[in-house]
Amino acid sequence: VETDDVTLVLGAGMPTELEALEYALGRRQGVSVLGWNSTVGGTVEKVAALKPDVALVCADFPDQDGITACTEIKRHCAPTRVIVIGPSRDDSVLISAVKAGADGFVTVNDSVEDLVDAVHEVSRGASHIPPMMLGGLLRGLIEFRREDDAAFERFASLRKREREVLVGICAGLGDQAIAARLHLSPHTTRTHAQNILGKLGVHSRLEATRMVFEHDLFARFGIEMDGLVDKRGGGT
Amino acid sequence: MSDQSVKRGLFPCQRPGIRIERRRERALISDAERTNVLSLNESAAAVWELCDGRTTIDEMVMAICQVASVRPDQAREDVEMTLAKLEGAGFLAFNSGVSREAGPRPSASSAGGGL
């Protein structure tokens with residue numbers, strides 16, 4: 001490893017992808033591959049141990065997706081910059097990658113030269129997004145922020161009791177279990193559940209749960225899942 | 001402060017019939033007769049794609065700052081300059097008070113996908 005080289009750890013689900021990446025990047029001046037792994041967990045561990053400048057992760061792994069790897073690397077190995085390699089015709093993967101904290105995105109159709117350019121760009125502290133995908137990414141982030149604001153407002157309209165019932169719903173509890181924990185009747189619990197769905201503007205408990213986790217609503221309102229505790233009291 | 005700053009509460013909207021032709025790192029915006037042509041870099045082309053009559057300048061600036069390592073004031077200046085250029089070329093109008101649900105969408109010919 002040359003001292004000025006940008007150091008890399010690679011993560012990809014297919015051994016052939018890894019070999020191809022390692023082969024292509026290993027022959028470029030200015031970059032050094034320190035290690036690689038074909039699982040999300042293994043890639044995160046490698047990054048934590050080797051502390052590369054950049055982690056290059058594919059969006060597809062057999063065990064989990066590469067976005068999870070990105071999230072975990074950003075959480076546990078903060079100085080390492082992350083580039084996700086994903087599809088060119090699906091903005092949703094790019095949007096998820098950026099939301100997970102990715103510093104760069106390269107498509108599977110990009111050349112090795114593009115990949116090396118992205119590695120250098122990202123290692124210098126800049127971001128790298130394929131130009132053709134920038135508009136779709138910005139549109140996706142704007143739409144998400146609008147949904148986020150709407151979800152926040154809708155959640156804020158829930159009463160304290162409704163928030164407690166929602167915690168139970170999100171914990172996967174049935175009406176009986178929620179009723180027992182909150183000392184309510186199952187009938188009252190069902191009524192609260194119906195009101196919650198109406199106020200959140202969703203059609204099912206699954207949708208409500210997805211909304212809560214996607215927009216991190218419990219954390220934003222100081223509500224803990226364990227013990228159905230609402231730290232701020234909140235609600236009306 | 002640029003002239004665009006007075007339009008922050010308005011919604012930039014592509015005029016009908018405007019065409020966009022994507023190249024690798026540039027985009028050519030032109031009217032149907034190709035009498036007026038503007039060449040935009042990748043960031044400016046992305047801003048053009050956001051001019052759907054329901055997205056504010058503030059929203060554009062926030063999204064750009066989320067993606068690029070750029071200060072909000074710098075991003076705002078860039079967005080406002082791009083919009084001024086597009087408006088000056090006659091490709092863009094500013095709508096007021098358009099509801100999100102009913103807001104106009106870009107026409108098929110100008111929706112940014114290239115020709």
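This is a predicted model: local features need pLDDT of at least 70, side-chain atom pairs count only at pLDDT 80 or more; totals for chains, interfaces and linings use all residues.
Student: How much area do chain A and chain B bury between them?

Tutor: Start with who takes part: the contact draws 19 residues from chain A and 22 residues from chain B. Of the area buried between the two chains, 56% is on carbon and sulfur atoms. The total comes to about 1,800 Å².

Student: Which residue of chain A meets Asp52(B) in a salt bridge?

Tutor: The rule finds 3 salt bridges across the interface of chain A and chain B. In the one with Asp52(B), N and O are 2.7 Å apart, and the cut-off is 4 Å, so the pair counts. The partner side chain is that of Arg139(A).

Student: And which helix gives the largest share of the side of chain A that touches chain B?

Tutor: By class, that side of chain A has 10 nonpolar, 4 polar and 5 charged residues. One helix, covering residues 134–156, supplies 11 residues. That's helix H6 of chain A.

Student: How many residue pairs are in polar contact across the interface?

Tutor: This count takes pairs with both residues at pLDDT 80 or more. Across the interface of chain A and chain B, the rule gives 8.

Student: Now Leu206(A): is it buried or exposed?

Tutor: Leu206(A) sits in helix H10 of chain A, residues 205–214. Its relative accessible area is 71%, and the cut-off is over 50%, so Leu206(A) is exposed.

Student: How far apart in space are Leu206(A) and Ser96(A)?

Tutor: In sequence, Leu206(A) and Ser96(A) are 110 residues apart. In space, going C-alpha to C-alpha, the separation is 20 Å.

Notes. Residues are numbered from 1 along each chain as its sequence is written. Chains are lettered from A and ligands numbered from 1 in the order in which they are written. Side-chain values use heavy atoms; hydrogens and water are left out. Contact means heavy atoms within 4.5 Å. Buried area is the accessible area (1.4 Å probe) that two parts lose on being put together, summed over both. A polar contact is a pair of N or O atoms within 3.5 Å; within protein, one must be able to donate a hydrogen and the other to accept it, and residues adjacent in sequence count only if both atoms are side-chain atoms. Helices (H or I, at least four residues) and strands (E, at least two) are DSSP runs, numbered from the N terminus. Ala, Val, Leu, Ile, Met, Phe, Trp, Tyr, Cys and Pro count as nonpolar, Asp, Glu, Lys and Arg as charged, and the others, Gly among them, as polar. Buried means under 20% relative accessible area, exposed over 50%, partly exposed in between (1.4 Å probe, protein chains only).
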